[in-house]
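This briefing concerns the structure displayed below.

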Amino acid sequence: MKHFIKVVRAEAHKQFRNKIHNVWVVFSMLIWPILAFAAAYFQFKPFSFEAITEKVSYLNDESIITYIMIGYFAMVFFRSFVQSAWEFSSERIYGTLELIYLSPASRIAIILGNAIASLAINVWMFALFMTGIYILFNQVPLMNGAVLTLALAMMVLMSILWGMLLNALFLFTRDSGMLFTVLEEPMELFAGVKIPVQLFPLWAKGIGLAFPLTYVIKLLREVVFLGHNLAEVSALFYTCIFICTIMFVATVFILKWGERHNAITGDMALF
Amino acid sequence: MIEARNLKKTYHTKVKKGLFKREKDIVEAVKGIHLKLEKGQIIGLLGINGAGKTTTIKMLSTLIKATSGEILVDGVEINENPLKIKQKVNMIAGGERMIYWRLTGRENLWYYGQLYGIPDKVLKTRIDRLLTLVGLNEKQNVPVERYSKGMKQRLQIARGLINDPDYLFMDEPTLGLDAPIAREIRTYIKKLAIEEQKGILLTSHYINEVEALCDYIYILDHGEVILEGTAKTLSESTFETKITVLELAEMNSEIEASMQRFAVEENAIIHRSPDAYLIRFESKNELTEALVKRIHSENLPLSKLYVEAPKLEDTIIEISRRVNS
Amino acid sequence: MFIKSIKATFIRDWITQLRAYPMHFFIGNVLTVFYTVLGAFFMYHLLFQGHLKASFEQYTGTSDYMTYVIIGSLAYALVVRTLLNVSRSLITELRQGTLESLMLAPFSRIGYFIGNMLQQTITSLGEVFLSMIFCLIFGLSVGTINGVTFVVSLVMTLYAYFGLSLCLGAIMLYTRDTYISQNTLFLFIFLVSGVIFPVEYLPKYLNVIGASLPVRDSIVILRAAVMDGVTIESLSPIYLRLFLLGTGYFVVGYSAIKKIERIALEKIFG
């Protein structure tokens, strides 16, 4: 266990040192989400909210900022990993992945350390910006601070597991460009960042349910807008824990499979 | 001691043929190798590209699995407890990859040290010692991207020693380095075996490097050991052929006949090249002196005369031919 | 010389494209339109069930939200594609090391860019028309289109995008970056150009910047041609403005590139 934690720390530290010079983080994790967030906000402007109170009770001209904020806030957490997992896959190209495999270090610890570092580097600016927006346009009072904290913790946990899964996937993928195309835009649409998933037709709902982000957004909106207490969101919490388990198992499986595949074929790319 | 017995590795690859068609391709990279490596010893794997050197190293270092055969590390089968074996071995490859350029030298060593679960205090003194050993003490806090090629290579060596391995595999450690830096690296390698009692396996395609460093040499060709022995026995039997090249300003049948007579007298083989004015003599002894005399006595129109070092490819083809016949 | 440069660049780019057409570029582009339009479709039909504010019709003169959004999205795809290719052409030459050999030849720069643009236009129009097929399913209606106005609007649009892409190309060549500059510009264009919502909803200062980019006017004239079927004459003030804007960008971009080329070459040799 002690070794595990040491490896997590070392990997996080390495990634931190490796990436901190990168200016693009400011753009891709702050300026771009802000521009997209603003466009989403104005996209709602032509619509009349009175007509939909029976569909989504909490959506109105006042709450719309907070509503979109939650979607984009959670999305940035999850999206930060797509970019950094793509970078992580370069370890294979530079040969350092081989050296990691040469060591007895826990593979899961490496992937975890890497995900934690990405999160720490990528999202703090946007989180700060969002907090600022919330304070400025404070139209939806915060209820249930304790449940909200739990929900935010769940968001961090799920996004880290999502990051680990992506890291594992990207490590063993030959064509990371394709994964990128599949993960970037559909996640924004189908995970309900702008439109609640429950209104989707069945096929779209099905795609939405495949993204862990969907559950996080639903959880956060229910806590913030409906003031649900722990008992009322417990089912959702359990679902989240279940999905976390699936992601974790999938990550372990891919890592083991990838290493074994490499040991047999001498080729790191699985897919 | 590391002992490999009848080690084989077969790759099954799929080659894309068109959009959906795939063809299976079977490559026998290593076809039954036996080898032994003791602590404090340097052994060499010599071979041209594709001979199976890197595959062998990767099997010995736990990175890839042998299709058949066994590897014993200090008497323990390698697959029995790979994590324990990983503590005892490490690998150093040539080139500038495999280290993080944005990190400093010390940070690189620290990171890899963590992966081996080395206690902090031990790690700190070890990093200090290794940095001194490879002469990077002054540059330890400089990012690797500002290192020269030789410094990066030295850092690679320090990195390979971070877990204080008993056995070290070096894959072309001097690849692409200038002669003085390569010489310097060789000195380190020798020091590691003698002073630190490491068992070192070295691959190379420079004959002289292997000759100078290794106690025992295996020559690999197409996945097989075609010859093995100490540097001394090998050099007597194979490396000693000398090639003397003679270039004349003109050529006619008379000169040609005379050269053939010369070859018979001196027990040499003639290799003709596409260039009609150029003749290569292959022999045990150097022929320069005898040739100069002959040219002088027959008044031949000499334009060039020099001795050529045998190319590894030629040597291996030659050995392979001899072994097969 | 001028025509030769156009022709040679066109043919070279055409061959490159035929040999190594990055499929995911193509799929990615069509998919982007698809996601944008599908998102708008969900929002309009599922969430708001067709309930628009009165202000929408007041600002746009139409209540056909889907056609409004689709034309905007297609024009956006066109600007992205043009900017991606024309702007990146010189920096690609720099990266693959052909810029020097290009500069050695006494070729016409404008011809080079026009050839590049023409080749690009054919491909991107192909993509746009392909996207239009599924857009028809989402409710794009083209019954009222005025063909002549549409063609003129399209030509004006391409002219204006050409000027803009030279400016972006100059920025790329100077900063040697494509990733950050192009994506930032795209997102910004998307926000201020009235792609999927009327710009009247935007705060004033964003509108000032938005009006200085040619994309907004180009979307206006394309929408007018398809949705209102108006004549060329009624759009002439906008055509004039777009022409001036496009020319402005062209002059600035072209002279900047000429200067930066030299700096870029010095950097290679130095």
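Two strands pair if DSSP finds at least two bridges between them. Helices (H or I, at least four residues) and strands (E, at least two) are DSSP runs, numbered from the N terminus. The model is predicted: local features need pLDDT of at least 70, side-chain atom pairs count only at pLDDT 80 or more, and totals for chains, interfaces and linings use all residues. Residues are numbered from 1 along each chain as its sequence is written, while chains are lettered from A and ligands numbered from 1 in the order in which they are written.

**Sheet in chain B**

**Strands S11 and S14 of chain B**

- Strand S11 (residues 242–248) of chain B pairs with S14(B) in the antiparallel sense over 6 bridges.
- B:Glu247 stands opposite B:Lys304 in S14(B), and B:Thr244 has B:Val307 of S14(B) as its bridge partner.
- Strand S14 (residues 302–308) of chain B is hardly covered, with 0 buried residues among its 7 residues; a residue is buried if 20 or more other C-beta atoms, placed from the backbone, lie within 10 Å of its own.

**Contact between chains A and B**

- Chain A and chain B each bring 24 residues to the contact, for which C-beta atoms, placed from the backbone, must lie within 7 Å.
- On the side of chain A that touches chain B, helices H1 (2–19), H5 (96–102) and H12 (230–265) of chain A are the elements that give two or more residues.
- H1(A) gives the most to that side, with 7 residues.

**Annotated spans in chain A**

- An unreviewed UniProt entry places the feature "transmembrane region" at several spans of chain A, including residues 64–82 and 149–172; such annotations may be inferred rather than shown by experiment, and positions follow the numbering used here, with feature names shortened.
- Residues 64–82 of chain A are 100% helix and 0% strand, with end C-alpha atoms 27 Å apart.
- Residues 149–172 of chain A are 96% helix and 0% strand, and the end C-alpha atoms lie 35 Å apart.

Terms used
Contact = placed C-beta atoms within 7 Å. Buried ≥ 20, exposed ≤ 12 C-beta atoms within 10 Å, placed from the backbone.
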